[in-house]
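Biologist: Could you put the model up and walk me through it? I would like to begin with the aromatic rings.

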Amino acid sequence: MGMLAKDDDEHAVPSELRATFHEVAAAFAVGDYFLRDHAIRGVREVDPLTAKAIADSVTAYGDKLAPLNPSTWEYAVYRWMGEYWQMLVDLTTEGEDVSDLTLHAKLHDTEPLTVEIMSVHVP
């Protein structure tokens, strides 16, 4: 993967990471908020409190999640936070190609890079 920027600017999520977030969104779309049934390389299993909070956010939003629409990449960004990259990916729902529900994840600066899902909510 190309070098991710470690500056104060927002950058588009690199194409090399998009498949990972497609897999996460697909798992969430079928209700696997823990990522227990969808082992995704480089992504940590989601802890129970975070998984419940994600489920609650999706329910409160009132529209079911769907696999990511390609147009989400026009809005998905990352930013260096000093020890990790904050990744923000707008999710797709059955009614919206790009919804207000945003997946917040940390991409840890480790070898190999590791994604930790932090939340899904409307910012």
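Modeller: Rings of Phe, Tyr and Trp (its six-membered ring) are taken to pair if their centres lie within 6.5 Å, and planes under 30 degrees apart count as stacked, over 60 as edge-to-face and the rest as tilted. By this rule the count comes to 2 aromatic pairs. Please keep in mind that this is a predicted model, where local features need pLDDT of at least 70 and side-chain atom pairs count only at pLDDT 80 or more, while totals for chains, interfaces and linings use all residues. Residues are numbered from 1 along each chain as its sequence is written, and side-chain values use heavy atoms, with hydrogens and water left out.

Biologist: How do F28 and Y33 sit as an aromatic pair?

Modeller: F28 and Y33 form a tilted pair, with 5.5 Å from centre to centre and 50° between the planes.

Biologist: And are F28 and Y33 buried or exposed?

Modeller: Both F28 and Y33 are buried, where buried means under 20% relative accessible area, exposed over 50%, and partly exposed in between (1.4 Å probe, protein chains only).

Biologist: Switching to the sheet, in what order do the strands come?

Modeller: The order is β1-β3-β4-β6-β7, with 5 strands forming an open sheet in which the pairing is antiparallel. Strands here are DSSP runs of E with at least two residues, and helices are runs of H or I with at least four, both numbered from the N terminus; two strands pair if DSSP finds at least two bridges between them. Because β1 (11-12) and β7 (114-121) stand at the edges with a single partner strand each, one side of each is left without a neighbour in the sheet.

Biologist: How many bridges join β6 to β7, and what links them in the chain?

Modeller: β6 and β7 run antiparallel and are joined by 7 bridges, and a hairpin of 5 residues connects β6 to β7. β6 also pairs with β4 in the antiparallel sense, over 7 bridges. A105 in β6 stands opposite M87, and the bridge partner of A105 in β7 is I117.

Biologist: Why is β6 called largely enclosed?

Modeller: 6 of the 7 residues of β6 (residues 102-108) are buried, so this strand is largely enclosed by the rest of the structure. T102, which is found in β6, counts as buried because its relative accessibility is 4%.

Biologist: What does the side chain of T102 make a polar contact with?

Modeller: The side chain of T102 makes a polar contact of 2.8 Å with the side chain of D90; the term covers a pair of N or O atoms within 3.5 Å, where within protein one must be able to donate a hydrogen and the other to accept it, and residues adjacent in sequence count only if both atoms are side-chain atoms.

Biologist: Now α2, please: which residues of it are buried?

Modeller: The buried residues of α2 are T50, A51, I54 and V58. Seen down the axis of α2, they fall within an arc of 100°, so they line one face of the helix; the arc is that of the directions from the helix axis to the C-beta atoms. P48, L49, K52, T59 and A60 are exposed on the other side of α2.

Biologist: What caps the N-terminal end of α2?

Modeller: D47 caps that end of α2, with a side-chain oxygen 3.1 Å from the backbone nitrogen of L49. α2 is followed by G62, whose phi is positive, near 90°.
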